[in-house]
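Hi everyone, thanks for coming. Let me put the structure up on the screen, and then we'll walk through it together.

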Amino acid sequence: MKINKLYLGLLGFALIAPTILYPVFLMKVLCFALFACAFNLLLGFVGLLSFGHAVFLGTGGYVTGYLMMNTGITPELGILCGTAAAALLGAFYGKLSVKREGIYFAMVTLALAQLMFFVYLQAPFTGGEDGMQGVPRGELFGLIDLSDNMAMYYFVLAVFVFGFWLIHRTIHSPFGQVLKAIRENEPRAVSLGYNVNDYKWVAFIISSALAGLAGSTKTLVFQLASLTDVHWHMSGEVVLMTLVGGMGTILGPLVGAGVVVGIQNYLSGGELGNYLHIIMGAIFVICVLAFRSGIVGEINKVIKRNFSS
Amino acid sequence: MVTFLGINLFGLSGQLLVGLINGSFYALLSLGLAIIFGLLKIINFAQGALYMVGAFIAWMALQYMGINYWAALIIVPLLVGVIGVLMERYLLRPIANEDHLYSLLLTFGIALILQGAFTHGFGSSGLSYAIPAELKGGTKLPFMYLPNYRAWIIVASITVCFGTWWMIEKTKLGAYLRAGTENPQMMQAFGINVPLIVTLTFGFGVALAGLAGVMAAPVYAVSPEMGSNMLIVVFAIVVIGGMGSIGGAILTGLGMGVVEGLTKYFYPEASTTIIFLVMVVVLLLKPAGLFGKEA
């Protein structure tokens with residue numbers, strides 16, 4: 001019950017936040033938080049490090065962007081199509097990558113993502129290096145004009161809450177328990193008769209679909225879909241967010257996304273902007289050496305209560 | 001124009017040569033990865049960045065200190081090797097008992113730092129490195145022109161690769177290395193200094209990347225991005241070959257370079273993606289990789 005109070009408190013804060021903080025910044029945080037939560041479902045709860053998750057973010061973004069610009073469908077349908085495209089790609093990539101474990105899994109996902117990076121780089125519809133610019137936000141259900149940042153913010157919040165709820169439900173379902181069992185001891189899960197690869201595959205699809213949802217939403221927020229979202233740097237960033245926040249905790253990716261996006265926003269304005277990648281790399285190294293549980297993980301240790309259970 | 005069955009032999013052999021050159025670098029880098037993986041069970045994400053650092057050190061040595069190519073061939077791998085030794089000793093060793101995932105993330109962070117630092121210092125456009133005077137010019141073969149420097153790269157990298165293979169398979173030092181791969185505890189019990197061997201192995205694997213960097217400097221533009229693009233391709237090659245054998249890593253590296261070269265000739269649009277597509281096919285047909293040993 002206490003945890004529910006925490007969630008309600010956060011939701012309450014999110015509802016009034018745009019009166020205190022810049023809404024576009026908050027939307028960016030929410031999109032990346034959803035992306036990181038989706039990623040963490042694989043890393044934190046199945047123990048699979050996908051190093052190419054940006055491909056799903058970017059695919060969702062491109063498909064939504066293309067449809068919004070060329071067909072004039074409503075944003076919720078655009079997002080739905082982007083999510084479905086990411087899920088489809090995830091179904092194919094997941095089937096391939098769950099054949100390998102551990103380090104190989106990371107390399108396979110990275111290489112598969114790079115494959116799509118080159119496809120998007122060459123394909124005519126993505127706009128190549130320039131990307132898709134000026135994607136219209138459209139009118140939600142044909143009624144609510146999303147070009148207003150406040151309306152957009154509450155829509156993004158609703159999308160995030162839905163994604164977060166879905167992940168929460170997945171983790172606490174019997175299915176999620178099997179995933180955790182696989183993370184803890186895969187041979188034992190196999191010996192208990194679970195088809196481990198199928199479980200990993202389904203988790204992969206859920207994760208890629210939600211990453212696609214984050215990407216689709218992000219495209220609407222920034223009215224832009226570009227190669228940045230498919231680049232391996234982006235895949236690295238989501239790993240960093242999860243690591244900073246605390247992998248395997250439910251709230252970790254949200255906190256991590258807030259911290260990383262906050263640092264990026266702060267640095268890109270000032271003269272330290274040139275050092276952005278160096279600083280990101282340094283945070284990686286420091287986190288791994290001294291801070292492996294992440295922010296939420298450390299808080300859990302201090303108050304001896306586990307938010308993830 | 002020499003043609004055979006409608007194929008322009010000049011064009012084809014030219015692309016094959018480019019393929020073999022790329023393959024030489026793939027082989028050197030994946031060999032380094034395989035050696036490190038054997039003992040440490042980690043993939044060094046910084047391998048590409050260290051290859052880039054190797055190229056930059058060679059460039060800086062020539063530019064600021066007048067150290068020529070031949071000296072750089074010796075000095076740079078040593079320097080990069082020292083960077084590797086320090087990395088292993090002070091960053092990787094403290095977390096050696098944690099999940100290998102963390103080591104991977106650590107090396108990724110180091111790669112970001114190195115790439116960011118060189119981008120900051122030199123910008124992202126490429127710098128050029130002159131081909132050494134001794135290797136300028138080329139040889140005219142019946143169906144193609146073979147630049148001497150390119151021939152040198154292929155010969156040198158194949159020599160280094162197979163020299164390394166011979167050292168690991170046939171010498172006493174190599175026997176220690178293989179024993180360490182099989183069972184480090186047992187080897188420690190026999191009184192062999194395993195941590196030292198681990199450190200030196202990491203240094204050597206990384207030095208190979210430095211060597212590749214020096215050799216690459218005159219053919220590719222020396223730029224901060226050169227390593228990361230290369231490394232992702234090398235990862236795909238490692239997945240294709242499987243990390244079971246040193247010889248497999250070398251052969252897959254060279255072979256994939258040739259495949260890439262052929263694609264550039266027959267269907268240039270797919271030349272950037274072909275190796276990844278081969279990886280997809282291999283994952284479908286033989287998930288453990290062509291030379292892989294695990295199930």
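Before we look at any helices, one term: a crossing is called left-handed if the near helix is turned anticlockwise from the far one by less than a right angle, and right-handed if clockwise. Please also keep in mind that this is a predicted model.

Let's begin in chain B, with helix α1, residues 9-40, and helix α5, residues 148-170. Their axes come within 9 Å and cross at roughly 25°, so α1(B) and α5(B) are roughly parallel to each other. Which hand does the crossing of α1(B) and α5(B) have, left or right? It is left-handed. On the α1(B) side, the residues making the contact include B:Leu17, B:Leu20, B:Phe25 and B:Leu31, while α5(B) brings, among them, B:Arg150, B:Ile153, B:Val160 and B:Ile168. Sorted by class, the contact of α1(B) with α5(B) has 14 nonpolar, three polar and one charged residues.

Staying in chain B, have a look at helix α3, residues 69-92, and helix α8, residues 194-216. These two pack at an angle of about 140°, and their axes are 7 Å apart. That angle makes α3(B) oblique to α8(B). Here α3(B) passes α8(B) in a right-handed crossing. Among the residues that meet are B:Gly81, B:Gly84 and B:Glu88 in α3(B), and B:Phe202, B:Gly203 and B:Gly210 in α8(B). By class, there are 16 nonpolar, five polar and one charged residues in the contact of α3(B) with α8(B).

Now over to chain A. Helix α4, residues 75-97, packs against helix α5, residues 102-122, at an angle of about 145°, with the axes 10 Å apart. The crossing of α4(A) and α5(A) is right-handed. From α4(A) we have A:Leu89, A:Tyr93, A:Leu96 and A:Ser97, and they meet residues of α5(A) including A:Phe105, A:Leu112 and A:Met116. How many charged residues does the contact of α4(A) with α5(A) have? None: the classes are nine nonpolar, two polar and no charged residues.

Finally, how do the chains meet? The size of an interface is often given as the accessible area lost when the parts come together. Between chain A and chain B, the buried area is about 3800 Å², and carbon and sulfur atoms give 80% of that. The contact takes 38 residues from chain A and 43 residues from chain B. How many salt bridges are counted between chain A and chain B? The count is one. B:Glu98 forms a salt bridge with A:Arg292, and the closest N and O atoms are 3.1 Å apart.

Technical notes:
Residues are numbered from 1 along each chain as its sequence is written. Chains are lettered from A and ligands numbered from 1 in the order in which they are written. This is a predicted model: local features need pLDDT of at least 70, side-chain atom pairs count only at pLDDT 80 or more; totals for chains, interfaces and linings use all residues. Side-chain values use heavy atoms; hydrogens and water are left out. Axes are lines fitted to C-alpha atoms, for helices over the stretch in contact, and angles run from 0 to 180 degrees between N-to-C directions. Helices (H or I, at least four residues) and strands (E, at least two) are DSSP runs, numbered from the N terminus. Angles under 35 degrees count as roughly parallel, over 145 as roughly antiparallel, 65 to 115 as roughly perpendicular and the rest as oblique. Contact means heavy atoms within 4.5 Å. Ala, Val, Leu, Ile, Met, Phe, Trp, Tyr, Cys and Pro count as nonpolar, Asp, Glu, Lys and Arg as charged, and the others, Gly among them, as polar. Buried area is the accessible area (1.4 Å probe) that two parts lose on being put together, summed over both. A salt bridge is a side-chain nitrogen of Lys or Arg within 4 Å of a carboxyl oxygen of Asp or Glu.
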